[in-house]
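Trainee: Please take me through one part of this model in detail, and describe what surrounds it in terms of packing.

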Amino acid sequence: MKEKIESYFQINELGSTIGRELLAGFTTFISMAYILFVNPSVLGDSGMDKGAVFTATAIASAIGCILMGLYAKYPIATAPALGINAFFTYSVCIGMKVPWQTALAGVLIASIIFLLITIFKLRELIIDAIPANLKYAISAGIGLFIAFIGLEDGGIIVADKSTLVALGSFSGTTWLTIFGLMITAILLVRRVPGNIFIGMAATAILGMITGMIKLPSSVVSGAPSLKPTFLVAVQHIGSINSLQLVVVVLTFLLVTFFDTAGTLVGLAQQAGFMKDNKMPRVGKALLSDSTAMTAGALLGTSPVGAYVESSAGIAVGGRSGLTAVVTGILFIFGMFFSPLLSVVTNQVTAPALIIVGVLMAQNMKKVEWDKMEIAIPSFLILLGMPLTYSISDGLALGVIAYPITMIAAKRGKEVHPIMYALFFVFLLFFWILNN
């Protein structure tokens with residue numbers, strides 16, 4: 001059995017081991033397990049049943065992860081995306097007063113379109129057309145973005161009315177984040193295998209010993225019923241009957257499209273998969289995540305996409321699809337062991353995100369900074385992702401600037417026609433988001 005697993009996932013060829021892949025899958029799951037609780041909380045504000053959303057989130061995530069691992073053979077996990085779930089609840093359902101059932105039907109239509117453009121390889125063509133310099137910037141930008149999330153989750157930085165962000169108060173649980181960050185940094189510098197996971201475990205243990213993290217009240221709990229949300233999207237497709245709702249569908253489509261494209265490129269760069277500026281098996285990876293998005297809509301959750309937290313698993317050595325399969329299986333078990341997940345607080349995962357941000361930021365050195373036509377769009381991507389709190393918005397800023405700076409440098413003929421098309425697509429994207 002061991003030989004079959006190693007052969008199927010090409011573990012030896014990738015310079016990994018089964019043990020390392022298992023640890024990577026576990027690390028990825030621990031880093032993103034929060035979505036099991038955050039997604040029901042956000043979507044619950046729209047009127048959806050939180051228990052059903054919890055189960056739908058777990059199953060949709062598992063489907064995407066296992067598909068990504070078995071079919072595309074990448075160590076990249078999927079789950080309902082943060083940001084777009086907030087758009088679903090607060091902009092569409094509460095802001096536009098659209099019933100959650102209708103909004104879910106919009107997600108289903110967007111996911112079917114997503115699936116079709118993936119099958120016809122449109123998404124693959126777009127990813128291949130993005131120049132290498134921008135791909136390096138995307139990877140580094142995602143690193144800055146997730147480090148920013150980690151600093152915020154850990155309480156090291158906080159929101160501020162005067163300066164937008166400011167240094168947090170170093171008290172209480174913030175010290176857990178600082179402890180975890182120092183331990184992980186030391187282990188990383190010393191090149192200790194599994195450094196990120198060990199840092200997370202040490203932080204969780206210290207939190208429980210000091211009482212900053214509550215001990216779980218139980219170990220096992222039953223998975224809530226899917227009945228309140230299952231196939232509701234199908235029953236309400238007919239409700240998508242106005243221009244406003246068509247715009248909602250387009251927004252679901254565009255945000256998920258570019259969020260996932262940016263994430264896949266960034267993670268592939270981090271893991272060293274890119275060859276001649278192309279991502280091998282990208283079509284299979286895109287088909288895996290678009291299938292998961294469709295499944296998620298049918299089960300009852302907001303759009304599913306590739307997760308930046310996969311970078312934590314890649315950072316501890318995950319290189320094969322086995323990493324994603326392990327993460328998917330743990331999502332299934334997570335439905336029944338949710339009380340245990342309560343010890344994985346933001347302070348436990350924050351140090352991992354910050355350290356992974358450091359690792360991904362190393363791609364900045366590969367950008368041709370001495371050429372302003374490259375430096376300007378690359379910089380907008382780098383800075384845009386954390387400051388807009390969105391991978392797709394940061395990507396849009398750089399892609400809009402790229403043809404302009406290249407034309408100004410009299411290098412317009414070097415720009416791929418698809419990049420010119422994306423210039424107008426992103427202008428439309430911003431117009432839709434702001435109207």
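Mentor: The second largest pocket of this predicted model has a volume of about 430 Å³. A pocket is an open set of points on a 1 Å grid over the protein atoms alone, where a 1.4 Å probe fits, with protein on both sides within 12 Å along at least five of seven lines; lining residues have an atom within 4 Å of a point. Volume is the space filled by probe spheres set on the points, joined across faces, edges and corners. The lining has 20 residues, and those closest to the pocket's centre are Leu188, Ile314, Ala315, Arg319 and Leu359. At least two lining residues each come from α2 (18-32), α12 (243-271) and α14 (310-315); helices are DSSP runs (H or I, at least four residues) numbered from the N terminus. By class, the lining comprises eight nonpolar, seven polar and five charged residues (nonpolar: Ala, Val, Leu, Ile, Met, Phe, Trp, Tyr, Cys and Pro; charged: Asp, Glu, Lys and Arg; polar: the others, Gly among them).

Residues are numbered from 1 along each chain as its sequence is written. Local features need pLDDT of at least 70 and side-chain atom pairs 80 or more, while totals for chains, interfaces and linings use all residues, and side-chain values use heavy atoms, without hydrogens and water.

Turning to helix packing, α8 (residues 132-153) and α17 (residues 346-361) have axes 7 Å apart at an angle of about 155 degrees (lines fitted to C-alpha atoms over the stretch in contact, with angles from 0 to 180 degrees between N-to-C directions). α8 is therefore roughly antiparallel to α17 (over 145 degrees; under 35 is roughly parallel). Their crossing is left-handed (the near helix is turned anticlockwise from the far one by less than a right angle; clockwise is right-handed).

The contact is made by Ile196, Met200, Thr203 and Ala204 of α10 with α17 residues including Gln347 and Val356.

Key: Parallel < 35°, antiparallel > 145°, perpendicular 65-115°, else oblique. Contact = heavy atoms within 4.5 Å.
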